[in-house]
Amino acid sequence: MPGQMTFVIAGGGLAGAKAAEALREQGFGGRIVLAAEEGIRPYERPLLSKGYLQGKASREAIFVHSPDWYDTHAVELLLGTAVTGIDRDRRDVTLADGGHLAYDKLLLATGAAPRRLPLPGADADGVLYLRRVGDSDRIRDTFQAASRVLIIGAGWIGLEVAAAARAAGVAVTVLEAAELPLLHVLGPQVAPVFAGLHREHGVDLRTGVRVAEITGSGGKATGALLADGTRIGADAVIVGIGAAPQAGLAEAAGLDVRDGVVTDASLRTSDPAIFAAGDVASAFHPLLGRHIRVEHWANALHQPPVAAASMLGRGAVYDRVPYFYTDQYDLGMEYAGYAGPGDYDQVIFRGDVGKREFIAFWMSNGRVVAGMNVNIWDVNDAIQDLIRSGQPADPARLADLAVPLNEVAAQ
Ligand SMILES: Cc1cc2nc3c(=O)[nH]c(=O)nc-3n(C[C@H](O)[C@H](O)[C@H](O)COP(=O)(O)OP(=O)(O)OC[C@H]3O[C@@H](n4cnc5c(N)ncnc54)[C@H](O)[C@@H]3O)c2cc1C
Ligand SMILES: NC(=O)c1ccc[n+]([C@@H]2O[C@H](COP(=O)([O-])OP(=O)(O)OC[C@H]3O[C@@H](n4cnc5c(N)ncnc54)[C@H](O)[C@@H]3O)[C@@H](O)[C@H]2O)c1
């Protein structure tokens with residue numbers, strides 16, 4: 001009887017909390033145990049590099065559920081309790097306190113963790129990463145005390161933190177290994193928009209740079225030494241060079257792990273009693289015909305109901321178009337689809353790129369595979385429809401503001 005079962009969720013981020021919610025919404029009456037390594041109830045991370053970091057959003061705004069939600073929905077929340085091992089034969093997990101917990105179904109929602117800078121001096125005080133709310137607090141405090149910060153990596157963390165630092169009146173240098181910020185995601189046609197945006201806001205953005213060492217004095221970071229001998233001084237160094245899936249548990253348990261925990265389209269791993277969702281999951285995506293691991297909020301929000309349905313033995317497939325957004329200075333954008341390097345052969349612009357009011361479409365063989373609306377709103381659903389339709393789209397009509405987006409694919 002489902003009412004007598006125990007479902008364990010490892011990981012108390014957005015995906016873990018939403019999975020507990022979805023299980024209850026879908027009628028699961030058994031025991032739900034949510035083991036969360038962090039000593040704080042599940043919260044969402046996007047504000048940590050935006051409104052919360054800038055002091056505009058309150059701490060209460062970050063949480064997924066109210067404090068009493070867990071009791072009222074009979075979700076046993078074990079805070080400060082990591083799952084440390086999985087015994088798949090006995091269907092039992094080990095907890096950090098040495099306890100054991102038998103499960104009927106297990107969900108891995110362990111997320112991702114910042115990649116560490118593998119350089120001399122990188123363990124000095126004042127070298128900061130951003131993943132947890134405490135990290136955001138520390139960086140905000142640093143903005144109060146610092147006159148210049150050095151940011152390593154011009155990805156999402158690096159650029160959003162740069163915007164927050166500028167808003168706080170702090171001078172910013174950003175060092176990026178690639179030739180452009182966000183190059184891997186946006187490609188050479190669109191990434192210059194973000195380079196221009198940050199430079200216009202006074203960021204000293206240096207690309208194609210190799211950092212050799214974090215310099216320090218008395219155990220405290222004082223800046224960086226570049227491979228070409230350049231020295232850059234700063235009061236603090238903030239590192240955002242990517243995140244890695246926290247898949248060690250799954251790997252140790254012998255599950256299929258390749259850049260994340262591999263699942264089918266129903267979010268089931270190579271063990272039929274174990275599921276994965278959120279940043280840690282490398283899920284087969286039916287629309288794309290391959291596995292992808294998405295490190296974005298919408299994925300951690302929408303995969304859990306599918307994982308919950310699968311845990312309950314109901315047919316469900318996760319096939320949403322990947323989606324994410326960012327806010328930096330006065331630029332807001334939404335991106336839908338998936339267009340990594342080599343996935344597209346043409347980029348079409350619609351609107352005014354110079355004014356940063358445009359849509360970019362990444363095309364492959366005449367079809368839209370991704371689209372990004374910048375400071376233009378209420379169009380992302382239409383972009384997703386275009387991608388999902390798989391129909392050829394005429395580039396001239398795509399670029400023409402007079403042609404409604406929902407009529408482009410029909411021609
Ligand atoms: C600063 C920041 C800003 C972001 N902004 C955006 C944005 O604007 N837009 C967007 O689309 N995405 C954004 N993201 C990405 C988004 O936050 C992630 O995709 C999302 O947090 C993934 O949720 P998750 O639950 O899968 O993983 P996580 O949020 O990483 O949560 C996993 C949790 O599991 C815990 N855990 C790990 N191992 C164990 C274990 N063995 N046992 C128990 N618990 C464990 C971790 O401590 C963590 O609390 C941002 C991320 C960061 C860090
Ligand atoms: N708006 C959003 O969606 C958003 C916002 C913040 C964070 N996040 C998520 O948080 C996670 C971490 O973000 P991130 O910005 O750290 O990762 P990222 O992968 O977005 O960017 C990392 C950047 O660091 C650069 N880099 C790598 N090694 C370097 C080095 N040694 N020196 C200089 N540059 C180097 C890379 O070329 C890349 O541009 C990701 O999962 C991201 O999706 C998302």
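Which polar backbone atom is 2.8 Å from an oxygen atom of ligand 2? I looked this up first.

I am working with a predicted model, in which local features need pLDDT of at least 70, side-chain atom pairs count only at pLDDT 80 or more, and totals for chains, interfaces and linings use all residues. Residues are numbered from 1 along each chain as its sequence is written, chains are lettered from A and ligands numbered from 1 in the order in which they are written, and side-chain values use heavy atoms, without hydrogens and water.

Ligand 2. I found the backbone atom in Ile157, as a polar contact (a pair of N or O atoms within 3.5 Å). I noted a backbone atom of Gly242 at 2.8 Å from an oxygen atom of ligand 2, and one of Tyr325 at 2.8 Å from a nitrogen atom of the ligand. I counted 18 residues around ligand 2 (a heavy atom within 4 Å). Helix α4 gives the largest share of this shell, three residues (helices are DSSP runs of H or I, at least four residues; strands are runs of E, at least two).

Ligand 1. I then listed 34 residues around ligand 1, with Glu38, Arg45, Lys50, Arg131 and Asp279 coming nearest. A polar side-chain atom of Arg45 lies 2.6 Å from an oxygen atom of ligand 1. The backbone of His296 has a polar atom 3.1 Å from an oxygen atom of the ligand. Ligand 1 exposes 1000 Å² when taken alone, and the protein buries 94% of that.

Methods
A polar contact is a pair of N or O atoms within 3.5 Å; within protein, one must be able to donate a hydrogen and the other to accept it, and residues adjacent in sequence count only if both atoms are side-chain atoms. Accessible areas come from the Shrake-Rupley method with a 1.4 Å probe; for residues, only the protein chains shown count as cover.
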